[in-house]
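Biologist: Could you take one part of this protein and walk me through it slowly? I am new to this, so please tell me what each part of the picture rests on.

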Amino acid sequence: MKTNAFITIALLALLSLTAFAGDAVKETEFKVSGICGMCKTRIEKTMKIPEVKFSKWDKKSKMLKIAYLPEKITTDSLQRRLASVGHDTEKYKAADAVYETLPACCLYRGVDTTH
Ligand SMILES: [Cu+2]
């Protein structure tokens, strides 16, 4: 009887743990403008915050994949962060003054990057 109770408690603990982990992290992706390897570094570095567990930007597709904590931060807020370091996103455009401070190789506006 004692063992059964222990197993039940252990199972319950495990179940609540997986439920928590499942709710905590959400995966999504959105478009972030950029052009080179430096952009990739800057974009992914901007996502290196405790609320974001994973981020990967694809130079070709311009898509940023992230795994984040939706209870702690919104994708809106993440897109604003990216715009604030010079990268246009689906929802927010970087201020011209910030964009102009990017290194020449990173100036993606008006550049055809589809090939
Ligand atoms: Cu760049």
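Modeller: Happy to! This is a predicted model, and of the 115 residues in its chain, 19% count as buried. The chain has 4 helices and 3 strands, and from the N terminus on they run α-β-α-β-β-α-α. Let's settle on helix α3, which spans residues 75-84.

Which residues of α3 are buried? They are L78, Q79, L82 and A83. These residues cover an arc of only 140° around the axis, which puts them on the same side of α3. The general rule behind such a pattern is that an α-helix has 3.6 residues a turn, so residues three or four places apart point the same way. Now look at the face turned away from the buried side of α3: there you find the exposed residues D76 and S77.

What covers the buried residues of α3? The cover includes β1 (26-31), α2 (37-46) and β3 (63-68).

Next, follow L78, L82 and A83 into the largest nonpolar core, which has 12 residues in all. Other members include C39, I43, W57, L64 and I66. The elements giving two or more residues to this core are α2, β3 and α3. In soluble globular proteins, nonpolar side chains tend to be buried together.

Leaving aside neighbours within four places in sequence, L64 is in contact with E29, F30, V32, I43, S55 and W57.

Finally, go past the end of our helix: α3 is followed by G86, whose phi is positive, near 110°.

Key:
Residues are numbered from 1 along each chain as its sequence is written. This is a predicted model: local features need pLDDT of at least 70, side-chain atom pairs count only at pLDDT 80 or more; totals for chains, interfaces and linings use all residues. A residue is buried if 20 or more other C-beta atoms lie within 10 Å of its own, exposed if 12 or fewer, and partly exposed in between; C-beta atoms are placed from the backbone. The arc is that of the directions from the helix axis to the C-beta atoms. Two residues are in contact if their C-beta atoms, placed from the backbone, lie within 7 Å. A nonpolar core is a set of buried Ala, Val, Leu, Ile, Met, Phe, Trp, Tyr and Cys residues joined through C-beta atoms within 7 Å.
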